[in-house]
Amino acid sequence: MNGLVRIGVVGIGSMGIKHMKYLFENKITGCRLTAVCDHNLQVMQELSGQYGTEIKLYTNYKEMLESGELDAVLVATPHVSHPEIATYAMNCNLHVLLEKPAGIDVAEVAAMNAEAQARGIVFSMMFNQRTIPIYQQARELIMQGKLGELRRTNWVVTDWFRTQRYYDSNSWRATWRGEGGGILINQATHQLDLWQWMCGMPSRIRAFIYCGKHRMIEVEDEATIYAEYANGASGLFISSVSEYPGTNRLEIIGSEGKIVIEKDILQFTQLAQADDVFNKHEQDMFAKPQYVEQSTPVSYQKFERHQLITQNFIDAIQEGKPLIAPGEEGLCSLRIVKAAYQSASEDSWCNL
């Protein structure tokens with residue numbers, strides 16, 4: 001499109017205010033912040049004193065989306081409302097950047113994606129951790145076949161520490177009705193997205209979920225997912241909000257190599273021969289394959305990660321650039337989360 005993309009923000013909570021500020025400060029090229037909306041009158045009164053003469057303020061998102069003053073919208077409201085607001089924006093022919101998760105109901109999220117596709121809407125998810133270079137590098141190694149056939153994945157991500165005060169800060173937090181779940185759908189949805197983005201979707205999972213184990217909340221604060229893939233590979237995903245200092249260690253093992261990511265370092269081990277080839281021909285019963293090992297420290301970008309996703313969204317609108325996190329991929333991590341809840345509830349395996 002010609003000219004600046006006129007963008008609005010719906011939902012001025014902790015994340016919404018962050019998005020609003022960098023947009024207002026013109027840190028994203030090719031767009032300008034035109035309007036913001038939140039139903040909280042006190043919040044809007046406070047914003048009015050700071051921005052009232054420079055951006056339009058609304059307390060009704062439908063009124064803002066129908067105003068004709070926008071080309072795109074960034075939605076940062078509570079999870080349950082994501083599909084409703086995003087779909088309404090699409091019906092107003094607005095491009096949509098949606099905070100994670102895509103929603104809490106798979107059917108609603110699927111319908112939202114169908115609407116975007118039917119209308120030719122640029123629809124992106126705020127999966128900002130896809131911009132971290134070591135995960136991009138890991139995915140590239142896998143896509144290039146450097147690991148051979150996937151054998152096992154293991155991700156322990158327990159560095160999402162949260163206090164009770166965090167959960168008490170808003171009535172919609174840590175509730176089935178407001179968030180649709182706990183750590184899996186809120187914090188660790190980032191890693192679940194990266195997990196499937198790098199390794200593909202599992203074919204079935206078995207989950208063990210604990211609600212209110214270490215925090216006074218009705219949803220899960222600790223979860224373990226065991227996964228199986230179509231080719232017979234296995235996976236393990238463990239997350240918690242009550243361990244400090246937490247761990248964030250990812251292992252991806254294939255028939256020809258291994259990736260380990262921990263403490264901002266990617267360690268890649270490449271076997272000289274694939275395991276099945278070495279195993280077939282080696283006669284020494286204690287022999288081990290030769291390998292080459294390299295470590296790559298993370299390199300940080302000029303932009304903050306949320307800003308990278310927003311810039312990519314604007315570039316997709318302006319120039320047709322591929323999205324880092326297309327909207328339809330929000331379904332993947334949500335399907336894993338919902339399958340985990342079903343598995344834990346029914347005490348059985350759940351197919352994806």
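Predicted model: local features only at pLDDT ≥ 70, side-chain atom pairs only at ≥ 80, totals over all residues.
**Pocket, loops and ring pairs**

Biologist: Which element supplies the largest share of the lining of the second largest pocket?
Modeller: That's α9, with 3 residues. Helices (H or I, at least four residues) and strands (E, at least two) are DSSP runs, numbered from the N terminus.

Biologist: New topic! Where does methionine 126 lie?
Modeller: In the loop between β6 (123–125) and α6 (133–143). Its relative accessible area is 1%, so methionine 126 is buried (buried means under 20%, exposed over 50%, partly exposed in between, with a 1.4 Å probe and protein chains only).

Biologist: What is methionine 126 in contact with, leaving aside neighbours within four places in sequence?
Modeller: Its partners include His19, Tyr22, His190 and His306; contact means heavy atoms within 4.5 Å. The C-alpha atom of methionine 126 is also 8.9 Å from that of glycine 327, which is 201 residues away along the chain.

Biologist: And histidine 79, buried or exposed?
Modeller: Buried, at 4% relative accessibility. Histidine 79 lies in the loop between β4 (72–75) and α4 (82–91), and Lys100, Trp172 and Glu179 are among its contacts beyond four places in sequence.

Biologist: How many aromatic pairs are there?
Modeller: The count is 8. Rings of Phe, Tyr and Trp (its six-membered ring) pair if their centres lie within 6.5 Å; planes under 30 degrees apart are stacked, over 60 edge-to-face and the rest tilted. Tryptophan 155 and phenylalanine 237 make an edge-to-face pair, with 6.3 Å between centres and 75 degrees between planes.

Biologist: Which strands hold those two?
Modeller: Tryptophan 155 is in β7 (residues 150–157) and phenylalanine 237 in β10 (residues 234–240), so their pair ties together parts 82 residues apart in sequence. Tryptophan 155 is buried at 0%, and phenylalanine 237 is buried at 0% too.

Biologist: Which residues form a cluster through ring pairs?
Modeller: Tyr135, Trp155, Trp195 and Phe237.

Methods
Residues numbered from 1 in each chain as written. Heavy atoms only, no water.
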